[in-house]
Amino acid sequence: MLDYCTKTICSIEKKDNKYILKDCNGNPIWDTEDDISEFSQALNQKTRTYIESCKGTGFASDNQMVWILAIKTKENKRLYKNIAVCKYFKYAINEINVHIKQLIGIIQDNLTKTKNYQDLWSDEVSEVEFLEVNIDKYIEMQNELQKNAPYIYSLISMNENDKTESSRNILRKNQAEFIEGKIASNYNLKDSGIWHPSSLGIDGEIYSYYNNISNNGEK
């Protein structure tokens, strides 16, 4: 599991056909029995609470942010279903807010993406969570790549001779997309979730790389 490098941004509980939006601390801040005019305020409150809770932790990253969607079963088992990368924190929050609206039925359209999110709910699912992945913590655990896959490691490790702002931004982008592809492969998010590789970036290639290793029985 990814508990060592993730932090809950917010969650949605489904209870007796009612959806309850909770902040990162698990506190209810809005539900579908409340006035819809209060919903935008609740979304803003959710974000402010998360930012406040992240001070000094390395979360709420504003240079590439990786977020995960997970469902919780009624047996309290967490199952990952999607992962994405956004360039900036505000982009990630805006994206998550759209998915919250899809999950609770505020957005109802015929788009496949909306249907995929709404279909996450089942009789066995009690809650949907959005979590941030701490990029630095995850990358720190990948030291075995230096020996086993030096080229892959070179994509996500800092070159001591190149520390310009541009090179740091390139590195951060590679690290975030590496995490997306590797977690998608580790948890089979393409087949058992709703993840799709991006058309740009290295996440799709990283996914294929680790899938090939798994299929060949390598470690």
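Me: How many aromatic pairs does a search of the whole structure find?

Reply: Nine aromatic pairs turn up in that search. Keep in mind that this is a predicted model.

Me: What makes the pair of Y50 and F89 stacked?

Reply: Ring centres have to lie within 6.5 Å to count as a pair, and those of Y50 and F89 are 6.4 Å apart. Planes under 30 degrees apart count as stacked. The planes here are at 5°, so the pair is stacked.

Me: Where in the chain do Y50 and F89 sit?

Reply: Y50 is in helix 1 (residues 39–53) and F89 in helix 2 (residues 89–104). They are 39 residues apart, and the pair links distant parts of the chain.

Me: How do you know whether Y50 and F89 are buried or exposed?

Reply: Buried means under 20% relative accessible area. Y50 has 0%, so Y50 is buried. F89 has 10%, so F89 is buried too.

Me: And why is the pair of Y80 and Y187 called edge-to-face?

Reply: Look at the plane angle: over 60 degrees counts as edge-to-face. The planes of Y80 and Y187 are at 70°, with ring centres 4.8 Å apart, so that's the label they get.

Me: What does the pair of Y80 and Y187 tie together?

Reply: Parts that are 107 residues apart in sequence, because Y80 lies in strand 5 (residues 78–86) and Y187 in the loop between helix 7 and helix 8. Y80 is buried, with a relative accessible area of 6%. Y187 has 25%, which falls between the 20% and 50% cut-offs, so Y187 is partly exposed.

Me: Which residues do ring pairs link into a cluster?

Reply: F178, Y209 and Y210.

Me: Which residues make the contact?

Reply: From helix 7 they are E177, F178, E180, G181, K182, A184 and S185. Helix 8 brings D203, I206, Y207, Y210 and N211. By class, the contact has five nonpolar, three polar and four charged residues.

Me: What makes N76 exposed?

Reply: Exposed means over 50%, and N76 has a relative accessible area of 57%, so N76 qualifies. N76 lies in the loop between strand 4 and strand 5.

Me: What is the phi of N76, and what is the phi of A60?

Reply: N76 has a positive phi of about 65° although it is not a glycine. A60, in the loop between helix 1 and strand 4, has a positive phi of about 60° and is not a glycine either. Most residues other than glycine have a negative phi.

Terms used
Residues are numbered from 1 along each chain as its sequence is written. This is a predicted model: local features need pLDDT of at least 70, side-chain atom pairs count only at pLDDT 80 or more; totals for chains, interfaces and linings use all residues. Side-chain values use heavy atoms; hydrogens and water are left out. Contact means heavy atoms within 4.5 Å. Helices (H or I, at least four residues) and strands (E, at least two) are DSSP runs, numbered from the N terminus. Ala, Val, Leu, Ile, Met, Phe, Trp, Tyr, Cys and Pro count as nonpolar, Asp, Glu, Lys and Arg as charged, and the others, Gly among them, as polar. Rings of Phe, Tyr and Trp (its six-membered ring) pair if their centres lie within 6.5 Å; planes under 30 degrees apart count as stacked, over 60 as edge-to-face and the rest as tilted. Buried means under 20% relative accessible area, exposed over 50%, partly exposed in between (1.4 Å probe, protein chains only).
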